[in-house]
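Hi everyone, thanks for making time for this. I'd like to walk you through one model, step by step.

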Amino acid sequence: PFILELLNYDNPDRFIGVLYPTLLVACTWACSLKTPEFFSSPKKLASENLARFISILRNDRSFLILLISFLISGIGLALPATLILYYIEYYLGGTNPSLYLFLYVLTGLSFLPLWLKLSRSWDKRNTYMTALLVNSLAFLFVYFLKPGDLYLYAILVCFSGVGYGATLAIPASM
């Protein structure tokens with residue numbers, strides 16, 4: 001009965017709360033079965049990989065800077081993504097905060113091919129820095145919004161979304 005109550009379709013939060021972790025564990029397990037290293041000694045593999053990773057960090061300053069940059073930008077992208085729902089509903093007075101997240105992700109995905117093309121003709125580092133700048137600059141103006149400025153917020157979200165896809169894809173390719 002408890003599981004059936006959790007799978008109550010009338011409450012999408014509960015349904016997603018059960019579905020997402022289940023899919024995450026199932027997909028991770030399926031991927032690990034296809035990985036040859038999964039069947040080797042986990043302790044040996046973990047210590048070898050950790051030692052190799054530390055060696056790379058010591059010897060490659062550029063990689064360390066990229067890793068720190070990626071970590072900071074990841075935190076910078078994750079915090080607003082979680083707080084945006086409260087900001088829209090309780091400050092701006094919006095009734096559908098999911099729409100703005102959808103706009104953000106859709107714009108990011110739409111502009112990703114352009115960023116990838118730019119990264120091939122331009123330097124990946126410069127492309128990544130430009131995408132971070134575009135992504136961040138838009139949200140500077142959010143500070144000046146007043147309750148009810150939902151259309152202005154949508155424009156800023158779309159402008160910020162222009163750089164969003166590249167901030168995820170470019171560092172991974174570097």
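Before we start, contact here means heavy atoms within 4.5 Å. Helices are DSSP runs of H or I with at least four residues, strands are runs of E with at least two, and both are numbered from the N terminus. What you see is a predicted model, where local features need pLDDT of at least 70 and side-chain atom pairs count only at pLDDT 80 or more, while totals for chains, interfaces and linings use all residues. Residues are numbered from 1 along each chain as its sequence is written, and side-chain values use heavy atoms, with hydrogens and water left out.

Let's begin with helix α6. It runs over residues 124-140, which makes 17 residues. From first C-alpha to last it reaches 25 Å, close to the 24 Å expected at 1.5 Å a residue; that expected span is 1.5 Å times one less than the number of residues.

Which residues of α6 are buried? They are Thr127, Tyr128, Ala131, Val134, Asn135 and Ala138. By buried I mean under 20% relative accessible area, with exposed over 50% and partly exposed in between, using a 1.4 Å probe and protein chains only.

Take asparagine 135, which is in helix α6 and is buried at a relative accessible area of 6%. Leaving aside neighbours within four places in sequence, asparagine 135 is in contact with Leu77, Tyr104, Ser160, Gly163, Tyr164 and Thr167.

Now for the aromatic rings. A search of the whole structure finds seven aromatic pairs. Rings of Phe, Tyr and Trp (its six-membered ring) pair if their centres lie within 6.5 Å; planes under 30 degrees apart count as stacked, over 60 as edge-to-face and the rest as tilted. Tyrosine 87 and tyrosine 91 form a stacked pair, 5.3 Å centre to centre with 20 degrees between the planes. They are separated by about one helical turn, because they are four residues apart in helix α4.

Tyrosine 104 and phenylalanine 139 are edge-to-face instead, at 6.3 Å centre to centre and 65 degrees between the planes. Tyrosine 104 lies in α5 and phenylalanine 139 in α6, so this pair ties together parts that are 35 residues apart in sequence. Tyrosine 104 counts as buried at 9% relative accessibility, whereas phenylalanine 139 is partly exposed at 27%.

Ring pairs also link Tyr87, Tyr91, Tyr100 and Tyr153 into a cluster. Leaving aside neighbours within four places in sequence, tyrosine 153 is in contact with residues including Ile84, Ile88, Leu92 and Leu145.

That brings us to the cores. A nonpolar core is a set of buried Ala, Val, Leu, Ile, Met, Phe, Trp, Tyr and Cys residues joined through side-chain atoms within 4.5 Å. The largest one has 13 residues, and those with the most contacts inside it are Ile88, Tyr100, Leu145 and Tyr153. Two or more residues each come from α4, α5 and α7, and the largest share, five residues, comes from α7. Apart from this core lies another, of eight residues, among them Trp115, Tyr128, Val162 and Ala166.
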